[in-house]
Amino acid sequence: MRLVIVESPAKAKTINKYLGSGYKVVASYGHVRDLLSKDGSVRPDEDFAMTWEISSRGAKCIDDILKYLKQCDELLLATDPDREGEAISWHIKEIIDKKKKLNIPVRRIVFHEITRKAIGEAIENPRDLDIHLVDSYLARRALDYLVGFSLSPILWRKLPGSKSAGRVQSVALRIITEREMEIEEFKTREYWTLEAKFEAKNKKIFSAKLTHFDGEKLDKFFIDNQEKALFMKSKLDDQAYVVSSVQKKNLKRNPAPPFITSTLQQEASRKFGFSAKKTMQLAQNLYEGIDFNGETTGLITYMRTDSINLAKEAVDKIRSLVSNKYGKDFLPASPRIYTNKVKNAQEAHEAIRPVDVAVAPDSIKSSVGLDLYRLYNLIWQRAVASQMSSAVFDQVQVDITDTATTKNTFKATGSTLIFDGFLRVYEEGKDEASSADDSDECADGLLPPLAVDDATPLKKLENLQHFTQPPPRFSEASLVKKLEELGIGRPSTYASILQVLQDRGYVRLEKKYFIPEIRGRLVISFLLSFFGKYLEYGFTADMEQSLDDVSNGNRTCIDVLREFWTGFCANIAQTKDIKISDVINQLNESLKSFLFGTNEDDSSARKCPECKIGELSLKIGKFGSFIGCSRYPDCSYVRKLDSFSSENDGALVSSSEYPKFIGVDPLDQQEIFLKKGPYGLYLEKPTKFMEKSPIAEAIDQQRIKGKKEAAPKAVRISVPQFMNLQNLDLAIACQLLQLPKNIGTYEGEDVKVGIGRFGPFVFFKDKYISIKKDPASVISMSLDAAIDLIENRRQREMHVKKK
């Protein structure tokens with residue numbers, strides 16, 4: 001009999017059915033031992049010797065293995081086909097070796113999908129343990145331990161209230177925190193565009209945007225105020241215009257490669273809102289086996305991989321399906337070969353794909369839950385689309401020029417999908433982009449037939465006001481993408497890194513975006529001040545490369561550990577004499593804008609607002625951090641530090657600053673205040689009492705007789721996420737308080753704009769249309785701009801129906 005060791009009981013159950021009575025399959029439940037959780041478990045002075053501790057569940061697993069070994073003549077280690085799987089197999093073999101109970105051959109087998117065929121082939125082709133992979137695991141584990149057990153005590157002593165620091169988690173925290181600083185320091189800029197409505201020969205109206213004025217090409221901020229916009233409009237109105245140029249070309253869009261671990265996490269987050277942790281749990285279930293057609297079988301290949309390669313057999317099956325299901329036009333002449341752009345990518349495994357592409361998603365829908373179905377459908381679609389023909393678009397770009405001077409040009413662009421190709425099956429999602437970087441091109445759509453020298457009468461010309469927006473915060477998808485681009489961490493670790501940051505209270509996930517907490521900002525500022533080298537993106541990525549070199553056999557584990565520890569140990573020694581007061585002074589300086597705010601001249605506002613003499617400073621107490629005056633106890637001014645809210649980008653919220661008077665609304669002479677509530681900042685304006693007739697007054701008096709009269713109602717609106725408080729003046733406050741508002745009618749129905757829980761929107765015929773490209777435009781959106789959004793939405797819906 002052969003004894004087979006796998007990691008999970010679900011996998012053990014499935015494989016046991018395949019192998020039959022000649023085999024016994026036992027689950028290890030992951031790692032059976034880990035480093036002892038106390039100081040000294042990794043000893044640099046002893047060539048980084050390590051002390052391991054067997055977990056209680058691991059001890060039971062080892063007992064089971066020893067019991068079954070007496071009945072077996074071969075031990076097959078079949079843990080997962082990656083570094084962690086190799087390490088688990090190594091641990092099990094080491095423990096049994098030390099107990100001197102291993103008197104039979106031990107072999108390692110690997111498979112990347114759980115099917116009868118794959119398991120059979122693995123058993124027929126066993127190998128020895130890959131000691132280079134094991135050494136890479138040992139080096140990584142030792143590094144993480146040394147950093148955590150060296151830095152964390154320093155944090156506890158020098159920065160009370162801190163939890164821990166980690167080699168990779170601290171770098172991820174830095175990325176989140178620096179993005180928040182970008183948002184806070186972002187200066188909103190106003191700019192205007194001139195958009196025209198022209199009439200073609202067939203009487204169809206189309207839109208175009210001004211690109212050249214008086215012979216000069218316009219950049220984004222050429223029109224930076226309303227006066228300039230009105231002046232230019234006056235010069236362009238009442239002119240005759242003709243088509244001066246028509247350019248047509250075909251554009252091809254190629255499909256994305258099949259999924260790797262990180263791209264699967266990103267896409268599941270974009271399309272379904274899944275966390276990285278949930279995505280990996282679902283993928284694990286699909287890999288280990290689902291009861292389907294009377295048999296438990298794995299539906300996808302191994303889900304921890306950074307290879308975009310597909311096996312030739314899999315490619316052939318996908319191409320056959322594409323040809324039979326969609327037609328030969330959808331099949332490229334030769335298989336698509338993809339090149340990996342991931343830094344430090346390892347090509348040992350396949351990409352994530354269906355085990356059998358013939359198992360269509362709809363065929364398993366009734367056998368699995370909704371989330372498992374959606375993830376399998378996503379993986380199936382991506383794999384199939386990766387071997388399909390390109391989508392082809394017919395793009396037209398038209399220049400409209402005035403006949404009087406030929407120096408003023410408007411540009412219209414339009415594109416039509418003429419062959420959907422891979423889009424018939426799948427379209428990749430996109431991350432939110434900063435409107436500060438938008439190209440502001442007119443939205444692509446169908447254009448009427450146009451030819452050079454065609455007269456195009458100007459039907460309407462309007463000025464549109466815009467404001468640049470700060471870069472967006474990181475979502476799970478965009479943060480995973482950033483870590484991957486920088487070569488930090490490994491795809492299999494991203495889910496745990498993001499979870500640890502939240503569990504430590506360093507960040508929070510709000511409306512699917514990461515926001516650094518006060519504690520996280522203080523910790524990262526401390527680490528950057530005193531251990532900056534080890535939080536550099538390049539250093540962390542280079543360390544990942546060194547660990548990969550160990551797994552490839554190009555470097556030794558001891559060499560990498562010794563090189564790291566020499567410099568790191570010296571850095572730790574330098575912090576021993578640092579006082580907490582030195583740490584506070586450093587944090588005061590590095591976080592001055594965040595902690596104290598700024599004056600109108602951008603200088604730090606550190607003067608105490610109460611005594612006008614002392615200087616504000618960060619104070620760290622047992623109940624948390626706060627701001628206090630340097631003249632304490634003579635001056636008792638304190639201000640609590642609250643976390644940043646998504647409702648008030650770039651503003652330090654403290655209870656003593658609100659409510660804040662904004663001004664008086666010129667329309668009804670009511671005072672407007674900026675207030676702080678449990679969900680962030682909001683604007684409030686009392687509703688003006690309307691004069692009532694004697695009859696109405698009598699009815700009201702009768703209604704409230706014997707009751708305490710209710711306070712007058714107030715108009716309120718949350719300060720939206722896209723609004724920088726530095727730009728929140730009286731004019732903008734008045735415009736926000738008018739929302740939602742009716743901006744006109746179209747097709748006999750009211751068109752409204754407003755701001756809801758998911759952001760700015762246009763409301764038309766019981767449908768909400770998100771304003772994504774320039775959310776701040778909701779404040780001054782014209783009817784024509786709203787109609788453009790409505791028509792673009794209709795075109796997308798028609799395209800989806802055709803598919």
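At what angle do helix 5 (residues 131-158) and helix 17 (residues 557-574) pack, and how far apart are their axes? In this predicted model, local features need a pLDDT of at least 70 and side-chain atom pairs count only at pLDDT 80 or more, while totals for chains, interfaces and linings use all residues. Residues are numbered from 1 along each chain as its sequence is written, and side-chain values use heavy atoms, with hydrogens and water left out.

The two helices pack at an angle of about 10 degrees, and their axes are 10 Å apart; the axes are lines fitted to C-alpha atoms, for helices over the stretch in contact, and the angles run from 0 to 180 degrees between N-to-C directions. Helix 5 and helix 17 are therefore roughly parallel to each other, a term that applies to angles under 35 degrees, whereas angles over 145 count as roughly antiparallel, 65 to 115 as roughly perpendicular and the rest as oblique. On the helix 5 side, the residues that meet helix 17 include Leu-138, Ala-142, Leu-146 and Ile-154, and among their partners in helix 17 are Leu-561, Phe-564, Trp-565 and Phe-568, contact being defined by heavy atoms within 4.5 Å.

The protein chain as a whole contains 22 helices and 30 strands, these being DSSP runs numbered from the N terminus, with helices (H or I) of at least four residues and strands (E) of at least two. Of its 803 residues, 51% count as buried, where buried means under 20% relative accessible area, exposed over 50% and partly exposed in between (1.4 Å probe, protein chains only). The chain exposes about 39,100 Å², of which carbon and sulfur atoms supply 50%; accessible areas come from the Shrake-Rupley method with a 1.4 Å probe, and for residues only the protein chains shown count as cover. Among contacts with a separation of 6 or more, 70% are accounted for by residues 24 or more positions apart.

A total of 48 salt bridges is counted, each being a side-chain nitrogen of Lys or Arg within 4 Å of a carboxyl oxygen of Asp or Glu. In one of them Asp-80 pairs with Lys-11, the closest N and O atoms being 2.4 Å apart. Because Asp-80 lies in the loop between strand 7 (74-77) and helix 3 (83-98) and Lys-11 in helix 1 (residues 9-19), the pair ties together parts that are 69 residues apart in sequence. Both Asp-80 and Lys-11 are buried. Another salt bridge joins Arg-353 and Glu-113, with the closest N and O atoms 3.1 Å apart. Arg-353 is located in the loop between helix 10 (312-326) and helix 11 (361-364) and Glu-113 in the loop between strand 8 (106-108) and helix 4 (116-124), so this pair ties together parts that are 240 residues apart in sequence. Arg-353 and Glu-113 are likewise buried. The side chains of Lys-233 and Asp-237 also meet in a salt bridge, at 2.9 Å from N to O; Lys-233 is partly exposed, with a relative accessible area of 21%, and Asp-237 is partly exposed at 22%.

Helix 12 (residues 370-385) has 16 residues and reaches 22 Å from its first C-alpha to its last, close to the 22 Å expected at 1.5 Å a residue, the expected span being 1.5 Å times one less than the number of residues. This helix is mostly covered, 13 of its 16 residues being buried. Arg-382, placed in helix 12, is buried with a relative accessible area of 3%. Leaving aside residues up to four places away in sequence, Arg-382 touches Ala-256, Pro-257, Pro-258, Phe-259, Thr-263, Tyr-426 and Glu-428.

Several local backbone features were also identified. The peptide bond from Tyr-632 to Pro-633 is cis, with omega near 10 degrees, and Pro-633 is placed in the loop between strand 21 (624-629) and strand 22 (638-640). The bond from Leu-739 to Pro-740 is cis as well, with omega near -5 degrees, and Pro-740 is found in the loop between helix 21 (730-737) and strand 27 (741-746). Phe-48, a residue other than glycine, has a positive phi near 60 degrees; Phe-48 is in the loop between strand 4 (42-43) and strand 5 (49-50) and counts as buried at 5% relative accessibility.
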